[in-house]
Structure formats: structure tokens, C-alpha cells
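Q: Could you take me through this structure feature by feature, giving the general idea each time and then the case at hand?

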Amino acid sequence: MSYVFDWGVLWRYREALLSGLGLTLALSLLGLAGAMAVGLVAGAAQAGERRLPRLAAAGYVELARNVPLLVHMYFWYFGLTALRLPAFWCGVLGLSLYSGAYVAEIVRAGIQSVPAGQRAAALACGLSPAQAVRFVIYPQALRIVAPSLAGLFSQLVKDSSLASVISVGELTFVAGEIEGDTFRAFEAYIGVTVLYLMIITVISHVALRGFRGGIVDPAMRY
Amino acid sequence: MKKGWKALVAVLIVAVPGLAGGTARADGTLDAIKARHKLIAGVKYDTPPFGFVDDKNQLVGFDVDLVREIAKALGVEVEFVKVTSPTRIPLLVSGNVDLSAASMTHTREREGAIDFSITYYTGAQALLVAENSPIKALGDLAGKTVAVQQGTTLEKNLAKLAPNATVQPFRDYTSAWLALRQGRADALTGSYDILRGFIRETPGFHVVGDKFSLEPFGIGFRHGDWQLRDFVNGVLQDLWASGRYRELYRTWFQVDPDVPIEMWPKG
């Protein structure tokens, strides 16, 4: 064939790729933190008994989940221009609110999968309702949903590529930059694909272990 | 982790030869076009006035018209394929399009990946701002945010000529244009005629200052596809000689061409 691959281009752009990798990781981790925060609250509200929080949480989940992530990104960056949020934070917000809805659904399912007797027993033992959630329900629920959350997180890393449309210089954006400069589209996009593969492989293992061990087990000791 | 690496290697083993195997042989492109009675050309759909969809939902533009002239000279039909920045080279290299006329600036670096025709259009870089903007020229850009399409010569020129400006690259022209309209950027830099294409439909913006830097546009071919490239170079020169080039240029840019097509003696 007439096309000769030049993989050296990835080495020549190593600084750009590294900074893109850093931004992808930062976006993903902050997005994960945001999504977990939003999702734990909304999921608990959905599984709870009080009507107003339940409806509000359900409304949020439907709205956030049924709007494409691309639109989330555009909304924060171009729609709410008046706020003057930096592109990076628009990306974090978009990712957090979009993925937060999925976390909420997973958390709700997890909480509802813990038998009602567990809560009753915790309260009967003298724990406050908050303690029952913290020490009895969440540890069991999180353990059940750990694989789903880990899967969601690797999804989130891939989703972070959409921040490229609002000019956040993450990996996919850097690939576009390399392609534009050199017309080496194959090398650039295959290169970042391999980088995504590597981070997601590492992250999904770490996340799975984290949700199973680091987060849940200390609580289980009580 | 070990499993992950094995999977990675497996993916590469499957993917890379697949890419290589799928590519067409370049040397037969001109024959292949004649055999199938059809020229397949990659063009942009979002870059007025080079390649864009008009209000009647028709694909039109300067690039589009030039490709039609090339097809006419070949005596074949023409099929247009939409290309974007990430797809223009893969579609060409893999043989899905015969050539790519996608308002591409010819650079030496890019020659590593594809071949180019002679320059069929010479663009000049300019600045677009809102009519009430204090920016009147390149010198006023210090501390301002300037939107530009990423990975372009425009981006590098601007960084050089206005070192105190914040260059904000976007993935495509339309996003950069949206950033200016939404007030995300104070100015938009791009090819003069593309900027004029944008503001034709949207009042409230104007081009300011002198034009700076030259952008030679070339039609892209697969490496080694010299028969087709020679043919297209010949067509471009014939179009110039016959006056048809000037006609098309006036249609899309409303002025006479300021840079002639280079002419080679017939021998």
C-alpha cells in the first residue's frame, strides 16, 4: 500500500500527549468525584421514603440521563457563557451531572437490594437512622454495586473525550491537534486509543478493588 | 494486569494489518475511476464557501465546483463523500475516496502523509470580531482570547504574530465561530474567505486589520498516485487558461483571483 506509517510522530508529540493524558485523568477523577457525590445523594433520595426528595431525584435522573453528553458539554460551555466557567470545569460539570444520574440509579438499586430487615435490625440495635445508612446499608449496597460502579467509571474515562468539543486539551483533543499538524490521523488516533486502553484497564481494576476493599471493608469492621 | 496487556497486543495484531490490507493500490486510481465511470471525492460540508450545504440542502462551494470540473474533464460522474478533520486522511489513504478537496493548506509536514496538487487557491489569514469590539488589528490582541481551528497553520501563525493573545483552539471552524458568537472568544482567526462566508448570514461581525500569512490550498492524493495528480494539475491549469477558474472564483469569492494558478508550458 502507498501509505507508510510514521509512529515517530507520537514521540515527537510526547509532551502534548502527556499533558493530554494528565487532563484526561484529571477530568475523569474530578468527574468521578462529582458523579459519586451527586449520585450518592440522588440515589439515596430515590430509595428513601420522603416524597419530595424522591421526585426531585427522579426528575434529575431522567433529565440528565436522557440528554446526550455532548449537549451537557455545550450547555455548560456555550449555553451558560455568562457564567464564564473555564472549559475544563464545564467538562467536569457535564461529566459529573451526566454520570451522576447513572451512579444514582446504581446506588438506588444497591440500597433497594439490601433487605429491609437490615435497617430495622440496625435501628433496633440503637443505631441512629444516619448510622444505619452509614454502617449497615451502604457497606452492603456498595459491595453489591461495586462492579457496576467500576464499569461506569471506565465509561466515564471514555466519555471525558467529549470535552474535546469545548476545547479542553485532553487526549482526543491532542489527537486532533497532531492530525491537523501532520495529517497522521491513523498514528494519532491509534496512539490515543492505546493510551485510553491502558488507563481504563488500570483504572477499572483499581476502581473495582477500591469499591470492594478500600471503601467498604473499614466500615465492615464495625 | 497481565490479561490487559495480552488483550492490547491481540487488538493491535488484529487491527494494524487490517488497516494495511484494506487499502487500495494507488497506482491504478485513474484507471479505476474510468473503469467505474465515477470519481469519488472527499469534500467538507461545513466550510463555506468551499464545501457546505446551502439553504436548499444542496452541497455547493468552490471545492465542490472544482471537483465537478475534474470529473467533467475525466468524462465520469462524481460522488461526494463528507469528510471531517479526523476522517479526511483515513478515507483517502484507505481508498474510500479518490481525492480530497477539503480546503486543506499544503504544508511540508503534511506531505509526509499525502501528496498535494499545485496550489488551487491562496488564502490569507484574517481576524473576525464583533462590530463593537475594541480590536482593530493584530496589535490589539494582547490579553484577548482568539478562537481558531486546531492543528492549523492559522493557529501557529497567530501564536507567532500575537504572542500576548490567548489562542483558544477548537476542533472545527464551526465551533470556533460559535465561540466568537457566544462571547467565549474576543476574536476568531481564519482564512479570509471562510470568515466572509460565515458573516454573510450573520450580521454584527466584521473582518478587521490587514490580512496576514498565506495559506496555499491543495487537493490531496494518496502517496504515489501520480497519474491522477498530474491529471488534476493539468485540469486546474486548463481551467485557468479557459477563464472558467476566474468565473468560479468570482461566483464564490465575489472578486477576481489575486494569485494565478501556476502554468506549465505544454512542451
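A: Helices and strands here are DSSP runs, with helices of at least four residues and strands of at least two, numbered from the N terminus. The model is a predicted one, and in chain B the secondary structure comes to nine helices and twelve strands.

Q: Where is B:N57 placed, and is B:N57 buried or exposed?
A: The general idea comes from the backbone: most residues other than glycine have a negative phi, and most peptide bonds are trans. B:N57 lies in the loop between β3 and β4 of chain B, and its phi is positive, about 65°, although B:N57 is not a glycine. With 6 other C-beta atoms within 10 Å, B:N57 is exposed.

Q: Which strand holds B:S103, and is B:S103 buried or exposed?
A: B:S103 is part of strand β6 of chain B, and this residue, which is other than glycine, has a positive phi near 40°. B:S103 counts as buried, because 21 C-beta neighbours fall inside 10 Å and the cut-off for a buried residue is 20 or more.

Q: Which residues does the cis peptide bond join?
A: The bond joins B:P48 and B:P49, with omega about 0°, and B:P49 is found in the loop between β2 and β3 of chain B.

Q: In what order do the strands of the open sheet of three strands run?
A: The order is β2-β3-β4 in chain B, with antiparallel pairing. β2 (46-47) and β4 (59-60) of chain B are at the edges with a single partner strand each, so one side of each has no neighbour in the sheet. Between β2(B) and β3 (residues 51-53) of chain B there are two bridges, and B:T47 has B:G51 in β3(B) as its bridge partner.

Q: How should I read a pair of packed helices, and at what angle do α3(B) and α9(B) cross?
A: Two packed helices are described by the angle between their axes and the distance between the axes. The axes of α3 (residues 62-74) and α9 (residues 244-253) of chain B come within 10 Å and cross at roughly 155°, which makes α3(B) roughly antiparallel to α9(B). Their crossing is right-handed, and in it B:F62, B:D65, B:L66 and B:E69 of α3(B) meet B:R244, B:L248 and B:W252 of α9(B). The residues of this contact divide into four nonpolar, no polar and three charged.

Q: How far apart are the axes of α5 and α7 of chain A?
A: Helix α5 (residues 87-113) and helix α7 (residues 129-159) of chain A pack with their axes 8 Å apart, at an angle of about 155°, and α5(A) is therefore roughly antiparallel to α7(A). α5(A) passes α7(A) in a right-handed crossing, and the contact includes A:L95 and A:Y102 of α5(A) and A:I137 and A:L152 of α7(A). The residues of this contact divide into 15 nonpolar, four polar and one charged.

Q: How many residues does each chain give to the contact between the chains?
A: Chain A gives 24 residues and chain B gives 33 residues. On the side of chain A that touches chain B, the elements that give two or more residues are α8 (171-182) and α9 (185-214) of chain A, and α9(A) gives the most, with seven residues. The residues of that side divide into ten nonpolar, nine polar and five charged.

Notes:
Residues numbered from 1 in each chain as written. Chains lettered and ligands numbered in written order. Predicted model: local features only at pLDDT ≥ 70, side-chain atom pairs only at ≥ 80, totals over all residues. Axes fitted to C-alpha atoms, helices over the stretch in contact; angles between N-to-C directions. Parallel < 35°, antiparallel > 145°, perpendicular 65-115°, else oblique. Left-handed = near helix turned anticlockwise from the far one by under 90°. Contact = placed C-beta atoms within 7 Å. Nonpolar A, V, L, I, M, F, W, Y, C, P; charged D, E, K, R; others polar. Pairing = 2+ DSSP bridges. Buried ≥ 20, exposed ≤ 12 C-beta atoms within 10 Å, placed from the backbone.
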